[in-house]
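I set out to look up the aromatic rings in this structure and the charges placed over them. My notes follow the display.

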Amino acid sequence: MRILTGDVARRKVRQLEARGSDLESLEPAVRNIIADIRKTGDRALRIYAEKWDGLKANEALRVSQAELETAWAMSAPEFKSALRLAAARIRRFCIAQRLREWQRTAGGITTGQVVRPLESVGCYVPGGRHPLVSTLLMTVVPAQVAGVKRICVVSPNPKREVLAAAHMLGVSEVFRVGGAQAVAALAYGTQSVPRVDKIVGPGNSYVTAAKKLVSFDCSIDLLAGPTEALIFSNRGRSEFIAAEFAIARRALNRRGAVLLASSREEAISWANRIAPEHITVEPGAVAGIHNAGSIFVGDYSAQAAGDYASGPNHVLPTGGAARFRGGLSVNDFLKVITVQDLSRKGLSRISKAVTHLAKIEGLTAHAESIRVRCAHA
């Protein structure tokens, strides 16, 4: 791993600051997949799932309730205990994080907000060699805390552990599909997969490209890219620091670097410009960090703790997106609806200003709607 100083380090920061997702090359293929799903529904979904997701020719797209129950029954006690602990901590954090309703009254005008859950959500759980049960927890639990009525899970060739976790959380809709085809099914619906209001969860580049393309028709959480980790420190235990990167040697050699700043202020500036997914900082440094997906403080706040069981979500912004949003939260599954309740007196207090501004904008009907009410009052 390279050690960079001076102008070389500053150029590296500029390079990292300018990074982002490069999905354009995948978009034509992904558009075709989405078009196929929209046109023929389950027929196209099965073709793609059998080709890429390991779906067998005679296998149902939806996992049966019996399969979910069996997966849980066959799980080891240690696994069940770990799932319960992680889910409980995530749930407590989400409850504390949830937006609150409020209202204020002054001069005959009451304003406020009510908070309502989304009706339906699709949670994408990546497939691969290992069962990503933590992603299921991190997407389903906040949706449940928000009060989402219908939560479904899509996962290519889901492992038994994923099915067990879904059963533990009470999720009965689990589909054996992944990739861009699963995203399209969630966004537009098929005969087997009803459409949802929002799609959450990380995936590969095809999943990310599909989420980008459907985002005008179905809400999404964020566009996930390669994972990112930054350590901000001028001291530390080498074995702890090394352990954060232990299985990423190849990535570190290709993309990683040690950046030596000329001052603490410059280092903080670099960290905020890079806007990393994960950042580990010394105690007392949190106040200076404005752009990050999640902040880990001190020697014992291992990033892996946040991936599984400390409580905050591990679905985090990458590619510099931490400049404008944080990680997935319970609030991603909520809508804030404003409420206004004006008395006659309250409307009279602001009628002159509203009428004047409406006329300035040429919206005479708006002005008339105020005049009629005030004349009646």
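**Aromatic rings and their neighbours**

I began in helix H3 (residues 42-52), where I found both Tyr48 and Trp52, 4 residues apart, about one turn of the helix. I noted that the model is a predicted one.

I then looked up the total, and the count comes to 2 aromatic pairs. The rings of Tyr48 and Trp52 have centres 5.3 Å apart and planes at 15 degrees, so I recorded this pair as stacked. Tyr48 is buried, with a relative accessible area of 12%, whereas Trp52 is partly exposed at 46%.

I turned to Phe240 and Tyr300, which form an edge-to-face pair with 5.4 Å from centre to centre and 70 degrees between the planes. This pair links distant parts of the chain, 60 residues apart. I located Phe240 in helix H10 (residues 238-244) and Tyr300 in the loop between strand E12 (294-297) and helix H13 (303-308). Phe240 counts as partly exposed, at 26% relative accessibility. Tyr300 counts as exposed, because its 67% is over 50%.

Next I checked for charges over rings. The charged end of Arg38 sits over the ring of Tyr188, 3.9 Å from the ring centre. Likewise, I found the charged end of Arg104 over the ring of Trp102, 4.4 Å from its centre.

Last, I looked up the whole protein. I listed 15 helices and 13 strands, and of the 377 residues 43% count as buried. Among contacts between residues at least 6 apart in sequence, 68% join residues at least 24 apart.

Definitions and conventions:
Residues are numbered from 1 along each chain as its sequence is written. This is a predicted model: local features need pLDDT of at least 70, side-chain atom pairs count only at pLDDT 80 or more; totals for chains, interfaces and linings use all residues. Side-chain values use heavy atoms; hydrogens and water are left out. Helices (H or I, at least four residues) and strands (E, at least two) are DSSP runs, numbered from the N terminus. Buried means under 20% relative accessible area, exposed over 50%, partly exposed in between (1.4 Å probe, protein chains only). Contact means heavy atoms within 4.5 Å. Rings of Phe, Tyr and Trp (its six-membered ring) pair if their centres lie within 6.5 Å; planes under 30 degrees apart count as stacked, over 60 as edge-to-face and the rest as tilted. A charge sits over a ring if NZ of Lys or CZ of Arg is within 6 Å of the ring centre and within 35 degrees of the ring normal.
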